[in-house]
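The following paragraphs lead the reader through selected features of one protein structure.

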Amino acid sequence: MRIGVLTGGGDCPGLNAVIRAVVRKGVATYGHDFIGFRDGWRGPLEGLTKPLGIAEVRGILPRGGTILGSSRTNPFKISGGVEQIKTNLAEQGVDALVAIGGEDTLGVATKLHELGVQVVGVPKTIDNDLSATDYTFGFDTAVNIAMEAIDRLHTTAESHHRTLVVEVMGRHAGWIALHAGLAGGANVILLPERQFDVDQVAGYVEKRFQHQYAPIVVVAEGAQPLDGQMVLHNQELDAFGHVRLGGIGQWLAQQLEAKTGKEARTVVLGHIQRGGTPTAFDRVLATRLGLQAIDAVNEGDWGKMVAMQGTDIVRVPLAEATRELKTVPLERYTEAEVFFGS
Ligand code: F6P
């Protein structure tokens with residue numbers, strides 16, 4: 001078979017590890033041929049390709065980002081987009097696609113599968129918000145980066161008796177905030193799943209200062225105050241209808257400074273969380289998902305997404321994978337609350 005591989009959506013540590021595993025096993029064990037499509041769905045849409053063989057995947061295991069490039073292109077938003085993809089796949093002699101992406105990229109894969117394209121999906125996102133898989137690669141790396149940042153910020157918070165607000169990514173799911181906050185010993189963690197009362201947060205902050213210990217507040221970019229609108233940099237939507245989040249950290253620091261009288265600063269970790277080399281956990285997970293994906297392709301098990309359930313790598317219908325967002329359950333948040341303000 002000739003198999004096309006693409007990576008879509010936000011880049012994520014571990015993408016290259018998947019590509020490597022797919023190609024290495026696909027060539028060595030099954031004798032398949034590969035072609036890389038550039039920049040997510042823009043590749044098959046515009047016929048943008050690059051060679052993808054054993055030589056191209058040598059040395060990429062520890063590398064962040066994606067050697068194929070990425071984009072948030074949505075072919076279903078482009079008139080004639082799906083037909084164009086089918087034509088380009090036929091012209092390139094591509095029998096099947098391995099699509100590596102999050103909710104949006106895999107949502108497109110689901111619809112294309114329903115329209116007859118032979119596709120297998122691999123889940124990726126630092127947000128860890130896909131319902132059919134216990135973990136997505138990239139999440140562990142993002143959490144470790146955020147944890148290290150929090151560890152470092154503790155020293156400045158202590159030395160200067162400041163509140164430090166750390167804004168982390170995660171879109172509408174609070175997994176990164178919850179795990180990084182717990183691992184980093186945050187004083188308060190604020191998630192999109194539960195609106196927060198800014199006066200209560202100020203109370204936690206004051207209590208922490210009373211213990212002669214400066215507070216770190218971890219806030220997810222999608223967290224919202226009780227009675228306010230979500231704080232956004234702008235109202236622009238991407239091709240999948242998502243708003244660009246960010247700004248809550250700055251707003252919160254101003255509120256906390258005004259309410260407590262103590263200096264408060266904000267650190268927005270932003271894309272640092274998605275950058276650089278993947279952790280060992282993410283490399284192993286990405287590799288195992290890639291190996292299972294090429295097995296699925298080889299067996300013609302189309303319309304499936306590979307997933308981690310427990311410690312096993314399994315296959316689930318693509319449609320199931322994107323049906324609902326996996327958010328933080330209330331009991332997980334309550335578990336963390338014991339540390340707030342103390
Ligand atoms: O989905 C991954 C993610 O990093 C989110 O956490 C974040 O909201 C979004 O992507 C940012 O997207 P972009 O890099 O396109 O601004």
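Across the whole structure, which is a predicted model, a search finds four aromatic pairs. One of them joins Tyr-204 and Phe-340 in an edge-to-face arrangement, with 5.7 Å from centre to centre and 75° between the planes. This pair links distant parts of the chain, since Tyr-204 belongs to helix 8 (residues 198-210) and Phe-340 to the segment after helix 12 (330-337), 136 residues apart. Tyr-204 has a relative accessibility of 18% and therefore counts as buried, the limit being under 20%. Phe-340 is likewise buried, at a relative accessible area of 6%.

Phe-340 also takes part in a pair with Tyr-333: the ring centres are 5.8 Å apart and the planes stand at 70°, so this pair is edge-to-face. An angle over 60 degrees is what places a pair in that class. Tyr-333 and Phe-340 are both buried. Elsewhere, ring pairs connect Tyr-135, Phe-139 and Phe-281 into a cluster.

The account now turns to the helices. Helix 1 spans residues 15-28 and contains Asn-16. Asn-16 is buried, with a relative accessible area of 0%. What does the side chain of this residue reach? A polar atom of the Asn-16 side chain lies 3.1 Å from the backbone oxygen of Arg-63, and the side chain also reaches the backbone oxygen of Gly-64 at 3.1 Å. Leaving aside residues up to four places away in sequence, Asn-16 touches Ile-60, Arg-63, Gly-64, Gly-65, Thr-66 and Ile-67.

Helix 4 comprises residues 81-91, and its buried residues are Gly-81, Val-82, Ile-85, Asn-88 and Leu-89. These residues lie on the same side of helix 4 because they cover an arc of only 125° around the axis. The face turned away from that buried side carries Ala-90 and Glu-91, which are exposed. Among the elements that cover the buried residues of helix 4 are strand 2 (33-37), helix 2 (42-46), strand 4 (96-101) and helix 5 (103-114). After helix 4 comes Gly-93, with a positive phi near 70°.

Helix 7 (residues 175-184) is mostly covered, eight of its ten residues being buried. The buried residues are Trp-175, Ile-176, Ala-177, Leu-178, His-179, Ala-180, Gly-181 and Gly-184. Their cover includes helix 6 (139-160), strand 6 (163-168), strand 7 (188-190), strand 8 (216-220) and helix 12. Helix 7 is followed by Gly-185, whose phi is positive and near 70°.

Which residues are around the ligand? They are Arg-72, Ile-126, Asp-127, Met-169, Gly-170, Arg-171, Glu-221, His-271 and Arg-274. In the side chain of Asp-127, an N or O atom is 2.7 Å from an oxygen atom of the ligand. His-271 places a polar side-chain atom 2.7 Å from a ligand oxygen, and a polar side-chain atom of Arg-274 likewise lies 2.7 Å from an oxygen atom of the ligand. On its own the ligand has 400 Å² of accessible area, of which the protein covers 81%.

Key: Residues numbered from 1 in each chain as written. Predicted model: local features only at pLDDT ≥ 70, side-chain atom pairs only at ≥ 80, totals over all residues. Heavy atoms only, no water. Buried < 20%, exposed > 50% of the residue type's maximum accessible area, 1.4 Å probe, protein only. Helix = DSSP H or I, 4+ residues; strand = E, 2+ residues; numbered from the N terminus. Arc of directions from axis to C-beta. Contact = heavy atoms within 4.5 Å. Near = heavy atom within 4 Å. Polar contact = N/O pair within 3.5 Å; in protein donor to acceptor, adjacent residues only side chain to side chain. Areas by Shrake-Rupley, 256 points an atom, 1.4 Å probe, with all protein chains shown as cover. Phe/Tyr/Trp six-rings, centres within 6.5 Å; stacked < 30°, edge-to-face > 60°.
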